[in-house]
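Subject: Structure handover

Hello,

Here is the structure I promised you. Please open it first, then read my notes below.

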Amino acid sequence: SDPVPGGFALEYDREGRIRAAGLTALALITSHPMDSKGEDCFSGYYRVKLLKAGVFGAVLRAMQAKASNEIAAEMIGECGAVTLMFLSTMATDEVEPWMVQNVLEIMENS
């Protein structure tokens with residue numbers, strides 16, 4: 001299971017606006033250059049560094065915490081999914097089994 005459940009998202013961001021903004025920024029940071037095509041889309045400048053910093057788990061936690069603001073909740077889901085997708089293209093041992101289980105639970109509950 002997740003070694004750091006809750007945290008900031010549950011304590012201070014009940015509406016979800018901070019998480020929505022943060023996940024939007026992460027989606028942009030993990031993206032590839034806009035002129036990329038084909039195989040070039042599978043890499044991004046900061047993906048490996050962010051994975052090593054534990055961002056995959058942090059995104060999962062941000063997505064799992066409920067958001068009372070409907071628009072923020074939608075942005076959290078969409079931008080979180082995009083960020084996880086981008087990070088996954090370069091993931092090796094940074095993604096642990098509990099993380100995959102959490103992704104499946106999020107999908108099941110959506």
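The chain averages a pLDDT of 85, and 88% of the residues score at least 70. pLDDT is the predictor's confidence in each residue, from 0 to 100. Confidence is lowest in helix H1 (residues 8–12), with a mean of 58, and highest in H5, at 93.

Two notes on the ground rules. This is a predicted model, in which local features need pLDDT of at least 70 and side-chain atom pairs count only at pLDDT 80 or more, while totals for chains, interfaces and linings use all residues. Residues are numbered from 1 along each chain as its sequence is written, and side-chain values use heavy atoms, with hydrogens and water left out.

**Overall fold**

The chain has 6 helices and 0 strands. Both are DSSP runs, numbered from the N terminus: helices are H or I with at least four residues, strands are E with at least two. From the N terminus on, the order is α-α-α-α-α-α. The chain has 110 residues, and 35% of them count as buried. Buried means under 20% relative accessible area, exposed means over 50%, and partly exposed lies in between (1.4 Å probe, protein chains only).

Now look at contacts, which means heavy atoms within 4.5 Å. Take those between residues at least 6 apart in sequence: 77% join residues at least 24 apart.

**Helix H4**

How many of the 10 residues of H4 are buried? The count is 7, so H4 is largely enclosed by the rest of the structure. They are Val55, Phe56, Gly57, Val59, Leu60, Ala62 and Met63. Their cover includes helix H2 (17–29), helix H3 (47–52), H5 and H6.

**Helix H5**

Find threonine 83 in helix H5 (residues 70–88). Threonine 83 counts as buried because its relative accessibility is 0%. Leaving out residues up to four places away in sequence, threonine 83 touches Leu23, Leu26, Ala27, Thr30 and Val59. A polar atom of the threonine 83 side chain lies 3.2 Å from the backbone nitrogen of alanine 27. That is a polar contact: a pair of N or O atoms within 3.5 Å; within protein, one must be able to donate a hydrogen and the other to accept it, and residues adjacent in sequence count only if both atoms are side-chain atoms.

Valine 82 is also in helix H5. Valine 82 is partly exposed, with a relative accessible area of 32%. Valine 82 and alanine 27 are 55 residues apart in sequence, but 6.1 Å apart in space, C-alpha to C-alpha.

**Helix H6**

Start with methionine 99, which lies in helix H6. Is methionine 99 buried or exposed? Methionine 99 is buried, because its relative accessible area is 7%. Its contacts, not counting residues up to four places away in sequence, are Phe56, Gly57, Leu60 and Glu94. Methionine 99 and leucine 60 are 39 residues apart in sequence and 7.4 Å apart in space, C-alpha to C-alpha.

Valine 103 is in helix H6 too. Valine 103 has a relative accessible area of 23%, so it is partly exposed. With residues up to four places away in sequence left out, valine 103 touches Phe56, Leu60 and Leu84.

Asparagine 109 is another residue of helix H6. Asparagine 109 counts as exposed, because its relative accessibility is 65%. Asparagine 109 and glutamine 64 are 45 residues apart in sequence and 9.8 Å apart in space, C-alpha to C-alpha.

**The largest pocket**

The largest pocket holds about 330 Å³ of space. On a 1 Å grid over the protein atoms alone, a pocket is an open set of points where a 1.4 Å probe fits, with protein on both sides within 12 Å along at least five of seven lines; lining residues have an atom within 4 Å of a point. Points are joined across faces, edges and corners, and the volume is the space filled by probe spheres set on them.

Which residues lie nearest the centre of the largest pocket? They are Met63, Gln64, Ala65, Lys66 and Ile106, from a lining of 13 residues. Helix H4 (55–64), H5 and helix H6 (97–109) each supply at least two residues of that lining. The lining divides into 6 nonpolar, 4 polar and 3 charged residues. Here Ala, Val, Leu, Ile, Met, Phe, Trp, Tyr, Cys and Pro count as nonpolar, Asp, Glu, Lys and Arg as charged, and the others, Gly among them, as polar.

Best wishes
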